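Please look at the sequence and the 3D structure below.

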Amino acid sequence: FGARPPAAPAQCNYNALINDTPVTGAAVTTLFSFSGSSGFFGAVGTRSASGSNHDLAVFSATAASPTCVTNQVGVSATAAGVDFVLGDFRPGRNGLGTFYPKLTRTTGAGSALTEWDSGGDEIVVDDSPIVRNTDQVLDVFQVFLEGGVTYVVDFRPSLGVDAKVLIFRNPAAAPYWAGRASRLVESTGITNFTASASDEYAVVVVNDDGGFSTYTLAIDQCQPPIDLTGGV
């Protein structure tokens, strides 16, 4: 018998994520890639199938097999619901190169649905509510808020869906990555939020249970009425 040929080295396969296109993966470890979008907040998120849990980490560079990725920039490891990592791609913050999410199943044997949302949708304060379906893992918006002002975050998911709204802010004109645990507020309905500084804030809506329905979202500013004097 001839000598057995050496085993082929394991390959690193990076599944490219397309904006707003959820992808299902069933492996214990799955690697992805996405490119940041200039001028906006963006986020990659994953929702595990019932009975399973997956953790999500984002890396800025590839490595040789079997590691495949290196230089972790963000991580999210909640016990239930959607895990996501938010990045700030406005000028002077994160670079616009390719980034590499790594999805790791920690419990169960089920699959996970993973999505990249490049952002770019601006919420205008006191404008008509945005209406969206909950067929995604997450939606990413941004809104300019004035420091010291209290706003009403008018979030109304339809009955039968476990959706939530979360708000984030990059505290400096510098690179910024944040997991779900870093939110400033998280709510299942209408709530108040006082902005700490005048800035663009990221607003993320997640669908934690995968139910299909709709939600509406608006951010309003309630100011005390101004007394008007006749002729003035």
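Predicted model: local features only at pLDDT ≥ 70, side-chain atom pairs only at ≥ 80, totals over all residues.

Residues are numbered from 1 along each chain as its sequence is written, and side-chain values use heavy atoms, with hydrogens and water left out.

Q: How many of the 8 residues of strand S12 are buried?
A: Strands (E, at least two residues) are DSSP runs numbered from the N terminus, and S12 covers residues 138-145. Buried means under 20% relative accessible area, exposed over 50% and partly exposed in between, with a 1.4 Å probe and protein chains only. Strand S12 is largely enclosed by the rest of the structure, because the number of its residues that are buried is 7.

Q: Which residue in the hairpin of S5 and S6 takes a positive phi?
A: Strands S5 (residues 53-62) and S6 (residues 69-76) pair in the antiparallel sense over 6 bridges. Thr62 stands opposite Val69 in S6. The hairpin has 6 residues between the strands, and the residue with a positive phi near 75° is Cys68.

Q: Which side chain of opposite charge is nearest to Glu115, and how far away is it?
A: Lys and Arg count as positive and Asp and Glu as negative, with His and the chain ends not counted. A salt bridge needs a side-chain nitrogen of Lys or Arg within 4 Å of a carboxyl oxygen of Asp or Glu. Glu115, in strand S9 (residues 112-117), is buried yet has no salt bridge. The nearest side chain of opposite charge is Arg47, at 6.9 Å.

Q: Which backbone nitrogen lies 2.7 Å from a polar atom of the Glu115 side chain?
A: Contact means heavy atoms within 4.5 Å. Not counting residues up to four places away in sequence, Glu115 touches several residues, including Asp20, Ala43, Gln136 and Leu138. The backbone nitrogen at 2.7 Å from a polar atom of its side chain belongs to Val137.

Q: What is the angle between the planes of Phe155 and Tyr215?
A: Rings of Phe, Tyr and Trp (its six-membered ring) pair if their centres lie within 6.5 Å; planes under 30 degrees apart count as stacked, over 60 as edge-to-face and the rest as tilted. The structure holds 10 aromatic pairs. Phe155 and Tyr215 form a tilted pair, 5.6 Å centre to centre, and the angle between the planes is 55°.

Q: Why does the pair of Phe155 and Tyr215 tie together separate parts of the chain?
A: Phe155 is buried at a relative accessible area of 1%, and Tyr215 is buried at 1% relative accessibility. Phe155 lies in strand S13 (residues 150-157) and Tyr215 in strand S19 (residues 214-221), so the parts that the pair ties together are apart in sequence by 60 residues.

Q: What is the centre-to-centre distance of Phe193 and Tyr201?
A: Both Phe193 and Tyr201 are buried. Their pair is edge-to-face, with 80° between the planes and a centre-to-centre distance of 5.8 Å.

Q: How many residues apart are Arg90 and Asp199?
A: The count of salt bridges is 11. The side chains of Arg90 and Asp199 meet in a salt bridge at 3.3 Å, N to O, and both residues are buried. Arg90 is in the loop between strand S7 (83-88) and strand S8 (98-107) and Asp199 is in strand S18, a separation of 109 residues.

Q: Is Lys164 buried or exposed?
A: Lys164 forms a salt bridge with Asp162, the closest N and O atoms being 2.7 Å apart. Asp162 is partly exposed, with a relative accessible area of 30%. Lys164 has 13% relative accessibility and so counts as buried.

Notes: Helix = DSSP H or I, 4+ residues; strand = E, 2+ residues; numbered from the N terminus. Polar contact = N/O pair within 3.5 Å; in protein donor to acceptor, adjacent residues only side chain to side chain. Pairing = 2+ DSSP bridges.
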